[in-house]
Amino acid sequence: MVFSSLSFLYAFLPLTLAVYFAVPQKLKNTVLLLSSLIFYWWGEPKYTLLMLFTVTFCYGAGRLMEKRRGTRAGKALLILSAAVPLGFLAVFKYADFFLGSLSHLTGTNIPLLKLALPAGISFYTFQALSYVIDVYRGDTPAQKNFINLAAYISLFPQLIAGPIVRYTTVAGELTARTHSAENAALGMRRFVLGLGKKVLIANLLGSLCSAYRDSGDPSVLFSWIYALSFSLQIYFDFSAYSDMAIGLGRIFGFHFCENFDYPYISKSITEFWRRWHISLGSWFRDYVYIPLGGNRVKPLRHIFNILTVWLLTGLWHGAGWNFIIWGLYFGLLLIAEKLLLKKPLEKAPAFLRHVYVIFAVIISFVIFNADSLTVATGDLKAMFGLAGLPFSSADTIYQLKSYAVLLLLAIFGATPIAKKLALRLENKRFFFVAEILTMAAIIIAVSAYLVDGSFNPFLYFRF
């Protein structure tokens with residue numbers, strides 16, 4: 001089940017909300033846990049037990065670690081409690097990649113496991129890890145109520161595609177949170193806006209990307225249109241899910257962290273990664289980069305720390321060489337900015353800095369979205385006129401005319417201009433009515449789109 005489906009919008013969510021607000025405070029986490037398990041079981045019935053085992057294991061490990069914090073036994077428990085969920089992640093997500101790579105290198109034919117990837121395993125694994133690590137560090141007491149911990153790790157609003165919510169962020173709200181009409185209204189507005197971004201923008205951009213792959217009349221210009229379209233699609237797709245998760249969390253009384261802050265207005269790659277997938281970046285910073293020594297080490301070790309984090313970041317996104325190259329690509333760019341480009345970037349005009357970031361990011365997402373290194377190489381060659389393609393073609397012009405308005409709308413929506421305009425108008429008398437009409441129009445348009453059968457899942461479900 002996904003947020004942008006009729007079954008979620010018109011059956012699961014209304015029923016869950018009705019039961020949640022009908023029960024007393026002490027049963028609300030139980031309702032959230034049960035609804036989250038149903039939500040996950042709907043799409044991954046056989047892997048629901050895997051997630052429950054992870055929850056149960058981390059619950060027991062946390063209770064034991066709290067009593068043995070600072071001892072060898074406590075450290076051994078930490079290692080074990082990290083190894084088990086990471087082991088599941090390694091088997092289901094990376095085993096076939098490593099076996100296939102080993103077969104290729106050795107010229108053998110090692111059989112693959114061919115296991116389906118459990119939805120959301122990368123996200124709930126990192127949430128479980130943040131809990132056991134923070135308990136070991138003494139940043140939070142172990143959760144004594146199993147239902148509360150299970151509700152945190154399996155919470156359906158952000159279970160499948162984030163944001164990665166730290167246990168310490170919501171620990172207090174798991175036991176005592178406030179519900180109000182204002183929070184519900186703010187949450188619903190955020191959810192509906194995210195729903196519109198996903199269905200009315202990201203999905204249509206996905207259609208343009210598919211048209212490029214299916215085109216029998218490719219060109220250099222079409223290759224760039226595709227690259228731009230996918231860069232916008234993945235932003236609207238992923239930020240839309242984050243919007244919906246944050247909105248749903250607000251309705252249920254939780255305050256999840258922001259995950260995107262208009263990354264395409266950045267003036268450096270360093271700034272871009274402070275604005276893109278913020279919860280993942282902060283997770284790697286606090287649980288990998290800083291423990292490795294961060295920037296408080298010798299220069300060569302600092303470079304090693306950055307490359308390690310970005311190698312892991314690439315692997316987290318997917319089991320493929322294109323993801324590894326994508327991660328190391330950003331790692332090298334960040335190293336270059338720290339060692340070589342810092343002063344030139346500070347002196348360069350803002351416009352050129354924006355162009356540099358957009359160009360670098362577009363190239364990265366071409367690599368990111370390729371099914372193989374061969375496809376990535378072919379796409380990059382096409383973009384730079386090295387594939388023997390004409391600059392334009394009849395199909396290119398047709399697709400550009402068909403999607404020009406959408407592309408302009410997406411570019412505009414990727415900036416904070418609309419948000420700033422809304423903030424200026426929110427105190428105006430007509431704004432409240434206009435907002436309600438806009439939300440209603442989005443819901444009607446989305447429903448019509450989904451009834452028509454035009455649908456594609458969230459991109460980050462793949463990771």
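Mentor: Let's start with Thr48, which counts as buried because its relative accessibility is 8%; buried means under 20% relative accessible area, exposed over 50% and partly exposed in between, with a 1.4 Å probe and protein chains only. One caution: this is a predicted model, where local features need pLDDT of at least 70, side-chain atom pairs count only at pLDDT 80 or more, and totals for chains, interfaces and linings use all residues. Residues are numbered from 1 along each chain as its sequence is written, and side-chain values use heavy atoms, with hydrogens and water left out.

Trainee: Okay! Which helix is Thr48 in?
Mentor: Thr48 belongs to α3, residues 48-67. Helices here are DSSP runs of H or I with at least four residues, numbered from the N terminus.

Trainee: And what does Thr48 touch?
Mentor: Leaving out residues up to four places away in sequence, Thr48 touches Leu37, Tyr40 and Trp41, where contact means heavy atoms within 4.5 Å. Its side chain also reaches the backbone oxygen of Pro45 at 3.4 Å.

Trainee: Switching topic, what volume does the largest pocket have?
Mentor: About 1500 Å³. A pocket is an open set of points on a 1 Å grid over the protein atoms alone, where a 1.4 Å probe fits, with protein on both sides within 12 Å along at least five of seven lines; lining residues have an atom within 4 Å of a point. Points are joined across faces, edges and corners, and the volume is the space filled by probe spheres set on them.

Trainee: Which residues are closest to its centre?
Mentor: Of the 44 residues lining the largest pocket, Leu193, Lys197, Tyr262, Ala418 and Lys419 are the closest to its centre. The largest share of that lining, 9 residues, comes from α9.

Trainee: How much space lies in the second largest pocket?
Mentor: The second largest pocket holds about 640 Å³. Of its 21 lining residues, the closest to the centre are Arg274, Gly281, Arg285, Tyr289 and Trp310. Helix α12 gives the most to this lining, with 7 residues.

Trainee: Last topic: how many disulfides are there?
Mentor: A search of the whole structure finds 0 disulfides, a disulfide being a pair of cysteine sulfur atoms within 2.5 Å. For Cys58, the nearest cysteine sulfur is that of Cys257, 19 Å away.

Trainee: Is Cys58 buried or exposed?
Mentor: Cys58 is buried, with a relative accessible area of 0%. Cys209 is buried too, at 6%.

Key: Helices (H or I, at least four residues) and strands (E, at least two) are DSSP runs, numbered from the N terminus. A polar contact is a pair of N or O atoms within 3.5 Å; within protein, one must be able to donate a hydrogen and the other to accept it, and residues adjacent in sequence count only if both atoms are side-chain atoms.
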